[in-house]
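Dear colleague,

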Amino acid sequence: MSQEKTTHFGFQTVNESEKAGMVHGVFTNVASKYDVMNDAMSMGIHRIWKDAMMDWLAPRAGQKLLDVAGGTGDISFRFLKRAGYAHATVLDMTESMLVEGAKRAEAGAMADSLDWVVGDAMQLPFEANTFDVYTISFGIRNVTRIPDALAEAYRVLKPGGRLMVLEFSHIPNDMMQKAYDLYSFNVIPVMGQVIANDRDSYQYLVESIRNFPDQETFASMIRTAGFDNVKYRNLTMGIAALHSGWKI
């Protein structure tokens, strides 16, 4: 009998079959405080990073976006505002995150241009060659099998379509990375306790950031999935990074 494959859940080793449920539990717990905590954890800088993502993406009228792990809709709202006339599908495995997003004022104003879909990044419920743009923002590190998610991104994009990933990454300077880790591990879980009454979920989020591959390693994973012209840009010294690739 073959032994089940294992993966990381933060710093724990768990069976692959267990991870999705555990991640779902984290984001169900934090959904109502997710946007507040993002501001607190990044001191508002996540908004600048998301704007930088849109600057590089340069949305165009008529495009169809799939925003995976789209949560409360931050990326989709920005995309639609920049594109003018376009359509965005927000997909997330955690329904409560989508519910919070649909409550936002922007969601009402953009209702005709938005779909909210519960689904899995590793098994997208869409036909091949459907979307012009695929984005995933602070979500890819929570996927059980990242290569499967990237393969699905490639499948559902049209030829000429673009992948863009925004994710926490690695600071190239070791001393600065150590200082940031001290902040992450000592401050963010405490913030989670104070703001969301949930230390454990934010402890996982910090650990998941440290387990994510560095910029070059992740770029090579995107290339392996079939994407061309793969590039990345560091944000705030590498605390986060944007990765871009094209389906040619």
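Phe-138 lies in the loop between strand 6 and helix 7 (146-156); helices (H or I, at least four residues) and strands (E, at least two) are DSSP runs, numbered from the N terminus. Its phi is near 55°, a positive value in a residue other than glycine. Most residues other than glycine have a negative phi. At 8% relative accessibility, Phe-138 counts as buried, where buried means under 20% relative accessible area, exposed over 50% and partly exposed in between (1.4 Å probe, protein chains only).

Please note that this is a predicted model, in which local features need pLDDT of at least 70 and side-chain atom pairs count only at pLDDT 80 or more, while totals for chains, interfaces and linings use all residues. Residues are numbered from 1 along each chain as its sequence is written, and side-chain values use heavy atoms, with hydrogens and water left out.

A positive phi also occurs at Asn-129, near 60° in this non-glycine residue. Asn-129 sits in the loop between strand 5 (114-118) and strand 6 (131-137). With a relative accessibility of 41%, Asn-129 is partly exposed.

Two further positions deserve a note. Thr-89 belongs to strand 4 (residues 87-92) and is buried, its relative accessible area being 5%. Not counting residues up to four places away in sequence, Thr-89 touches Leu-65, Leu-66, Asp-67, Asp-115, Val-117, Phe-126 and Phe-131; contact means heavy atoms within 4.5 Å. Ser-113 is placed in the loop between helix 6 (105-109) and strand 5. Its C-alpha is 6.6 Å from that of Ala-86, although the two are 27 residues apart in sequence. Neighbours within four places aside, Ser-113 is in contact with Leu-80, Ala-86, His-87 and Ala-88.

As to helix packing, helix 7 and helix 10 (residues 215-224) have axes that come within 9 Å and cross at roughly 50°. Helix 7 is therefore oblique to helix 10. Axes are lines fitted to C-alpha atoms, for helices over the stretch in contact, and angles run from 0 to 180 degrees between N-to-C directions. Angles under 35 degrees count as roughly parallel, over 145 as roughly antiparallel, 65 to 115 as roughly perpendicular and the rest as oblique. In this contact, Ile-146, Pro-147 and Leu-150 of helix 7 meet Phe-218, Met-221 and Ile-222 of helix 10. By class, the residues of this contact are 6 nonpolar, no polar and no charged; Ala, Val, Leu, Ile, Met, Phe, Trp, Tyr, Cys and Pro count as nonpolar, Asp, Glu, Lys and Arg as charged, and the others, Gly among them, as polar.

Helix 8 (residues 174-196) and helix 9 (residues 199-211) pack at an angle of about 155°, their axes 7 Å apart. These two helices are therefore roughly antiparallel to each other. The contact involves, among others, Tyr-180, Phe-185 and Ile-188 of helix 8, and Tyr-202, Val-206 and Arg-210 of helix 9. The contact of helix 8 with helix 9 comprises 8 nonpolar, 5 polar and 4 charged residues.

Finally, for the chain as a whole, the secondary structure comes to 10 helices and 9 strands. Of the 248 residues, 53% are buried. Among contacts between residues at least 6 apart in sequence, 70% join residues at least 24 apart.

With kind regards
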